[in-house]
Amino acid sequence: MSETVSFTAPTPHGPRAVTASYARVGSGAPLLLLHGIGHHRQAWDPVVRILAAERDVIAVDLPGFGASPALPAGLPHDLPTTTSVLAAFCAALGLDRPHVAGNSLGGLLALELGREDRVRSVTALSPAGFWTEAERRYAFGVLTGMRATARLLPLPLVERLSRSAAGRTALTSSIYARPARRTPEAVVAETLALARAEGFGETLRAGREVRFTDDVDGVPVTIAWGSRDRLLVPRQGVRAKAVIPGARLVRLPGCGHVPMNDDPALVARVLLDGSRDQPARAASTSASTVAL
């Protein structure tokens, strides 16, 4: 069940009132989940039940996506502002340096929260920001095309397409390696989320200059990449490892850009392992690291 919270965020542009929508379930150490651009918190649904058995799971709609309204006028949907908003969101929920996991844009935000030492650990699934300029232009072109298609398709046609495996593939194969596994209801919901995302355009524009070039010191980092990621290709994971030498780099065989639905059990295991206390995590690192 979704909830909303309103809070004041001390952004780089001054304190502003912000509202965010989220869902919280489970018990244990807090684990904050951050989705990608144009998506919504329900992207994590395939793994939430598994995670909730061991974690206090908080899945949030990023500002301007899902059920969260866009940031107030005058606030850019850029990395410094969104990171500040997420830190204030955690404070509003009483989360003291939670573990954080993110996918794509959410992975970039998770790494930035780790770089600022605001979280206990970071698990980033195909994080943005490790691209070449050509790779960035390609990814942004695909995303722009997906957004245009989502806005043009009438809802009855989306519903009809989602009923067949071929239709689900046509709608979502850019981000899933196994799109037929998506439920019709999930495909309709995420297509609507993409079409209605108020923060999409500004977030994409802000991302043109983004490169993650700093190490993340003092925080355990896991970077995982789907072997069939067609949006941010797996070689970007090798670059991420070069930027963050202490990170654990994990290959997700058979998974696409949004791997949670392609292999929920594998992704949940990576998230749980990445969000363990440091001694337990260290013991499993060598067995879990796989070259891309």
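I started at Ile 223, which I found in strand E7 (residues 221–226); helices (H or I, at least four residues) and strands (E, at least two) are DSSP runs, numbered from the N terminus. Before going on, I noted that this is a predicted model, where local features need pLDDT of at least 70, side-chain atom pairs count only at pLDDT 80 or more, and totals for chains, interfaces and linings use all residues. Residues are numbered from 1 along each chain as its sequence is written, and side-chain values use heavy atoms, with hydrogens and water left out.

**Entry: Ile 223.** Is Ile 223 buried or exposed? Its relative accessibility is 0%, so I put Ile 223 down as buried; buried means under 20% relative accessible area, exposed over 50%, and partly exposed in between (1.4 Å probe, protein chains only). I then looked up its contacts (heavy atoms within 4.5 Å). Leaving aside neighbours within four places in sequence, Ile 223 touches Ala 124, Pro 127, Ala 240, Ile 244, Ala 247, Arg 248, Leu 249 and Val 250. Ala 124 is 99 residues away from Ile 223 in sequence, yet the C-alpha to C-alpha distance is 4.9 Å.

**Entry: the core.** I looked up the largest nonpolar core and got 86 residues, with Leu 34 and Phe 89 having the most contacts inside it. A core here is a set of buried Ala, Val, Leu, Ile, Met, Phe, Trp, Tyr and Cys residues joined through side-chain atoms within 4.5 Å. In soluble globular proteins, nonpolar side chains tend to be buried together. Beyond four places in sequence, Phe 89 is in contact with Val 5, Phe 7, Ala 20, Tyr 22, Leu 32, Ile 58 and Val 60.

**Entry: aromatic rings.** Rings of Phe, Tyr and Trp (its six-membered ring) pair if their centres lie within 6.5 Å; planes under 30 degrees apart count as stacked, over 60 as edge-to-face and the rest as tilted. How many aromatic pairs does this rule give? I counted four. Tyr 22 and Phe 89 have ring centres 5.6 Å apart and planes at 75 degrees, so I wrote them down as edge-to-face. This pair links distant parts of the chain, with Tyr 22 in strand E2 (residues 14–26) and Phe 89 in helix H2 (residues 79–92), 67 residues apart. Both Tyr 22 and Phe 89 are buried. Trp 131 and Phe 140 are also edge-to-face, because their ring centres are 5.5 Å apart and their planes are at 90 degrees. Trp 131 and Phe 140 are both buried.

Entry: On a 1 Å grid over the protein atoms alone, a cavity is a set of points where a 1.4 Å probe fits but cannot get out, and lining residues have an atom within 4 Å of a point. Grid points are joined across faces, edges and corners, and a volume is the space filled by probe spheres set on the points. My search of the whole structure found two cavities of 30 Å³ or more. The largest cavity holds about 280 Å³. Its lining has 24 residues, with Ile 37, Leu 105, Leu 108, Thr 203 and Gly 207 nearest the centre.

**Entry: Thr 203.** I followed Thr 203 up and placed it in helix H8. Thr 203 counts as buried because its relative accessibility is 12%. Beyond four places in sequence, Thr 203 is in contact with Ile 37, Phe 65, His 77 and Leu 105.

Notes: 1 Å grid on protein atoms, 1.4 Å probe; cavity = no way out; pocket = protein on both sides within 12 Å on 5 of 7 lines; lining within 4 Å.
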